[in-house]
Amino acid sequence: MHELSIAQSLVELAAEAAENSGIKKVKALFLKLGVLSGVVKEALEFSFDVVVQGTSLEGAKLIIEDVPVTIFCPNCQEERILPEPLPMRCPTCGTKTGQVLAGREMELYALEGGEENA
Ligand SMILES: [Zn+2]
């Protein structure tokens, strides 16, 4: 299950980031997850709860923000956010495009700590 190894690296990454910013107790991790990342959100949440046990992050919550697919439409010359990940075509004019600007990312973008700057 590949979400398990992703969860493992998330915990390691967050533990390191917490140490670097002087957070003694991490309360929450905020993750941006693109709908095209290939990661199943529910599986990742479940895996996180498993791997976090017994680590310095135990008790922390994983808060996942879904990132929709953003494409660039060559016809409109505009960025468009897709209501659904597929099909990849402009929701306004219907032009197909392979220019994906967002939606594939997985990024740990914030940590919430109990004792910051301690
Ligand atoms: Zn268009």
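The 4 donor atoms around the zinc ion of this predicted model subtend angles of 103 to 116 degrees, which makes the arrangement tetrahedral, a label given to four donors if all angles lie between 85 and 135 degrees. For comparison, the ideal angle for four tetrahedral donors at a metal is 109.5 degrees. The coordinating atoms are the SG atoms of Cys73, Cys76, Cys90 and Cys93, at 2.1 to 2.3 Å, where donors are N, O and S atoms within 2.8 Å of the metal (3.2 Å for Na, K and Ca) and water is not among the atoms, so sites may look incomplete. Along the sequence, the donor residues follow the spacing C-x2-C-x13-C-x2-C. Distant parts of the chain are linked by the pair Cys73 and Cys90, 17 residues apart, the former in strand S3 (residues 70-73) and the latter in the loop between strand S4 (78-81) and strand S5 (100-102). Cys73 is buried, with a relative accessible area of 0%, and Cys90 also counts as buried, at 2% relative accessibility; buried means under 20% relative accessible area, exposed over 50%, and partly exposed in between, with a 1.4 Å probe and protein chains only.

Residues are numbered from 1 along each chain as its sequence is written. In this predicted model, local features need pLDDT of at least 70 and side-chain atom pairs count only at pLDDT 80 or more, while totals for chains, interfaces and linings use all residues, and side-chain values use heavy atoms, with hydrogens and water left out.

The secondary structure of the chain comprises 2 helices and 6 strands, in the order α-β-α-β-β-β-β-β from the N terminus on; these elements are DSSP runs numbered from the N terminus, helices being H or I with at least four residues and strands E with at least two. In helix H2 (residues 41-51), the buried residues are Ala43, Leu44, Ser47, Phe48 and Val51. They cover an arc of only 135 degrees around the axis, which puts them on the same side of H2, the arc being that of the directions from the helix axis to the C-beta atoms. On the other side of H2, Glu42 and Phe46 are exposed. The cover over the buried residues of H2 includes helix H1 (2-20), strand S1 (26-34) and strand S2 (61-67).

In soluble globular proteins, nonpolar side chains tend to be buried together. The largest nonpolar core here has 20 residues, of which Val26, Leu29, Leu44, Phe48, Leu57 and Leu62 touch the most other members; such a core is a set of buried Ala, Val, Leu, Ile, Met, Phe, Trp, Tyr and Cys residues joined through side-chain atoms within 4.5 Å. At least two residues of this core come from each of H1, S1, H2 and S2, and H1 gives the largest share, 6 residues. A second, separate core of 6 residues includes Ile71, Leu82, Cys90 and Val100.

Leu10 lies in helix H1 and counts as buried at 4% relative accessibility. Leaving aside neighbours within four places in sequence, Leu10 is in contact (heavy atoms within 4.5 Å) with Leu29, Leu31, Leu44, Leu62 and Leu108.

Over the chain, residues 24 or more positions apart account for 71% of the contacts with a separation of 6 or more. Buried residues make up 33% of the 118 residues.

Definitions and conventions. Tetrahedral: all angles 85-135°; square planar, octahedral: opposite > 155°, others 65-115°.
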